[in-house]
Amino acid sequence: MFKEVLQSIEGVEFYTIVSMIIFILFFVGMTIWLFKVDKKYIKQMSELPLNEENKEI
Amino acid sequence: MALEKFSYDNEIVRKFTIATTVWGLVGMLVGLIIATQLFVPALNLNIPFLTFGRIRPLHTNAVIFAFVGNAIFMGVYYSLQRLCKARMFSDWLSNFHFWGWQLIIVAAAITLPLGYTTSKEYAELEWPIDIAIAIMWIAFGINMFGTIIERREKHMYVAIWFYIATWVTVTVLHVVNSIEIPASFLKSYPVYAGVQDALVQWWYGHNAVAFFLTTPYLGLMYYFLPKAANRPIYSYKLSILHFWSLVFIYIWAGPHHLLYSALPDWAQSLGTVFSIMLIAPSWGGMINGLLTLRGAWDRVRENPILKFMVVAVTAYGMATFEGPMLSLKNVNAIAHFTDWIIAHVHVGALGWNGFLTFGILYWLVPKLWKTKLYSNKLANFHFWIGFLGIVFYAFSMWFSGVTQSLMWKQFTPLGVLQYPNFLETVLQIVPMYIIRMVGGSLYFVGVIVMVYNLVKTAKQGAFAKEEPAEAPALEKFKDPLKRGVIHRFLEGKPALFISLTLVVVLIASVFEFVPMFLIKSNIPTIASVKPYTPLELQGRDIYIREACNSCHSQLVRPFRSETERYGEYSKAGEFVYDHPFLWGSKRTGPDLHRVGGKYPNLWHYLHMENPRSMSPGSLMPSYPWLLTNDLDISTTESKINTMRSVGVPYTEGYEKVANDDLQQQAEQIAVDLQNAGAPAEPNKEIIALIAYLQRLGTDIKAKNNQASK
């Protein structure tokens, strides 16, 4: 059943390669971002679970 | 900025907390029972619904979906509200989700012992329950994403990412693996067959471990470990990096469950490569967890909560190192089908999931009931007895697995199997089964102590359904232009996250599946392989009902030790009409793929009535009801029709005459049995089962020379 559906898509292999490239680009981009990102932001993020109690009554 | 007043819903967290402990007790108790049955087979009391094959899925489902499932919801409903600084989106949905999920568990607890099963591991539940699961899961999703959209905290903490990835992936897994055509209420056949069915199943099975037992628990770890240690996570950057690599790599690794099987080699290698790669992101999580406690190890000594969490994270690290090692083909050749795998999963289940849950419970219950833990001493006792339980459990199963595997493979200097009788290798490891049961009991005692401790804690405290809180509204989400809900949704990060995770998961799945389903040469057809006769089909469904595949594989691997013992190794083309595939994943008993024609009908008849009459010392339970139950042939027509709709070439109209063929074949077997002196009647279930067993693997026996092209 799947076979027919998949075969009906033209150039189905092409999509897999494109999606692979998209992922790799995303991953590389994210890694670069991680190296460049503001330390304050990271600190603020990592303290999120600990901060909440201050705001409680 | 004006503060908005609201309150956190603690009542729903309390409900899931209670459900977690109750189902934990049930699931582990059933585990103890089946562990004991493995060396006291009479413990099934000759009652169908107490027999190993039927209650083993009850144990796995109860532990995974009831114990761990409720613990996930408990943790998510607690942490998500606080991380988002918002109450859960809808109280009604929360309760609907809670009660619906419990109903599903009850439905599983009823249908599985009654023998309603799809035979697919961790997806045994039949189609109406599958639909109910999908509805509850969607309810959970709406509730979760609704909360995220209405949040008052701009940033989404990494725990939420893990929750989102969990939700998205489990949705995809559940839908794809549950595509089945109903033959009746509570009976269905998957659209995939044989090798393809196996690939889909283990893509699912592996990722159920990844996205039900791992990612949500990593989310919980990222929230509750900093809470318990009162310090932020070691490296937030690392958490981001390992999140994306984990989500991306995990989904590819499924085929490592099928090494040396009839699955094409390229797919097997793909599974191995990605499994090895998985070490990196997995250990990223472990390191992040452990290093959070750097410089605070003195607190671990005193605080039972941290103790539980440290062992949980360590067990996670061990299991995620062992997993990739087991995916190496040379290690897998020894470990697969043995108790080694049982050890592996229990390091994960008892150590990682169990201990993290216990740590969270010890932290959460005093918090919810606004009091202190009733007894630190008892919690410490729980820790040590539980830890000891895991050690006993894992070591006995490691030892048992390696011992048995080496015995299977041992040849004499003359080149014949040293232990040709499978039973001999089983009896050798019975002491290990007893030690495993002792380990499990220790662990169970610990859990009982915990429940006592938690109940006492709750009794001395005062539970408040609502926890008042206040936070400034989120500026960005104030929506001055009133652009509508959809726009707000797209504005936030959740949408981006959902789509990115989905893309990542789908990429890998498509990669795995597209070639598998498209390339014909992946499954060479064998001309002599024919669809099952109606009687064999009915027999096969009895085999599925009794879950024979829990203990018997139907997959002879291409090793000399296996072809000597069982016969010709299994070919992909032999399984093209197997909806579902029944390769199994564990050989508590011998492989059955070539059992057809190996024994006379009478042997099977007597063996099913009492296995010890044919194989003294056998650990297989007796199935006396098969000899007395009438075979239900009213289902034949719908079964043939359903099989045809999924691609089995029964001719049009055959369903009308199928029962004639069925009765004729049953008559032949019954006469043969009667001639041999057994009081067999043709209309009993045992006849169908014998027909199926005698058919197994015989298609290529007839024309062995031209078997595979």
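How do the axes of helix α7 and helix α9 of chain B cross, and within what distance do they come? The axes of α7 (residues 236-250) and α9 (residues 279-291) of chain B come within 8 Å and cross at roughly 145 degrees. Axes here are lines fitted to C-alpha atoms, for helices over the stretch in contact, and angles run from 0 to 180 degrees between N-to-C directions. Helices are DSSP runs of H or I with at least four residues, strands are runs of E with at least two, and both are numbered from the N terminus.

Some housekeeping. This is a predicted model: local features need pLDDT of at least 70, side-chain atom pairs count only at pLDDT 80 or more, and totals for chains, interfaces and linings use all residues. Residues are numbered from 1 along each chain as its sequence is written, while chains are lettered from A and ligands numbered from 1 in the order in which they are written.

Back to the helix pair. The crossing of α7(B) past α9(B) is left-handed, meaning that the near helix is turned anticlockwise from the far one by less than a right angle, with clockwise being right-handed. On the α7(B) side, the contact uses L238(B), S239(B), L241(B), H242(B), S245(B), L246(B) and I249(B). On the α9(B) side, look for A280(B), P281(B), S282(B), G284(B), G285(B) and N288(B). Contact means that C-beta atoms, placed from the backbone, lie within 7 Å. By class, that contact has six nonpolar residues, seven polar and no charged. Nonpolar covers Ala, Val, Leu, Ile, Met, Phe, Trp, Tyr, Cys and Pro; charged covers Asp, Glu, Lys and Arg; the others, Gly among them, are polar.

Now zoom out to the domains. Chain B has domain 1 (10-504) and domain 2 (534-706). Those bounds come from an automatic or database domain assignment. Their C-alpha centres sit 34 Å apart.

How many residues of domain 1 of chain B are in contact with domain 2 of chain B? The count is 45 residues of domain 1, which meet 49 residues of domain 2. On the domain 1 side, the elements giving two or more residues are α2 (52-84), β2 (180-184), β3 (187-190), α6 (194-229), α14 (376-409) and α15 (422-428) of chain B. α2(B) gives the most, with five residues. That side of domain 1 has 26 nonpolar, 13 polar and six charged residues.

Next, the cores. The largest nonpolar core has 178 residues, and Y77(B), I160(B), M309(B) and A312(B) touch the most other members. A nonpolar core is a set of buried Ala, Val, Leu, Ile, Met, Phe, Trp, Tyr and Cys residues joined through C-beta atoms within 7 Å. Buried means 20 or more other C-beta atoms within 10 Å of a residue's own; exposed means 12 or fewer; partly exposed is in between, again with C-beta atoms placed from the backbone. The largest share of this core, 23 residues, comes from α6(B).

Take A312(B). Beyond its neighbours within four places in sequence, A312(B) contacts G351(B), W352(B), F355(B), L356(B) and G359(B). There is also a second, separate core of 34 residues, including I542(B), M643(B), I669(B) and L696(B).

A few single residues. Is A35(B) buried or exposed? A35(B), in helix α1 (residues 10-37) of chain B, is buried because 21 other C-beta atoms lie within 10 Å. A35(B) touches R436(B), M437(B) and G440(B), leaving out residues up to four places away in sequence.

P649(B) sits in the loop between α24 (636-645) and α25 (654-675) of chain B. P649(B) has 11 C-beta neighbours inside 10 Å, so P649(B) counts as exposed. P649(B) and P531(B) are 118 residues apart along the chain, yet their C-alpha atoms are separated by 7.3 Å.

Now the backbone. H579(B) and P580(B) are joined by a cis peptide bond, with omega about -5 degrees. P580(B) is in the loop between α20 (560-565) and α21 (601-609) of chain B. L45(B), in the loop between α1 and α2 of chain B, has a positive phi near 55 degrees. N230(B), in the loop between α6 and α7 of chain B, has a positive phi near 60 degrees.

Last, chain A. Chain A has four helices and zero strands. Of its 57 residues, 9% are buried.

Methods: Contact = placed C-beta atoms within 7 Å.
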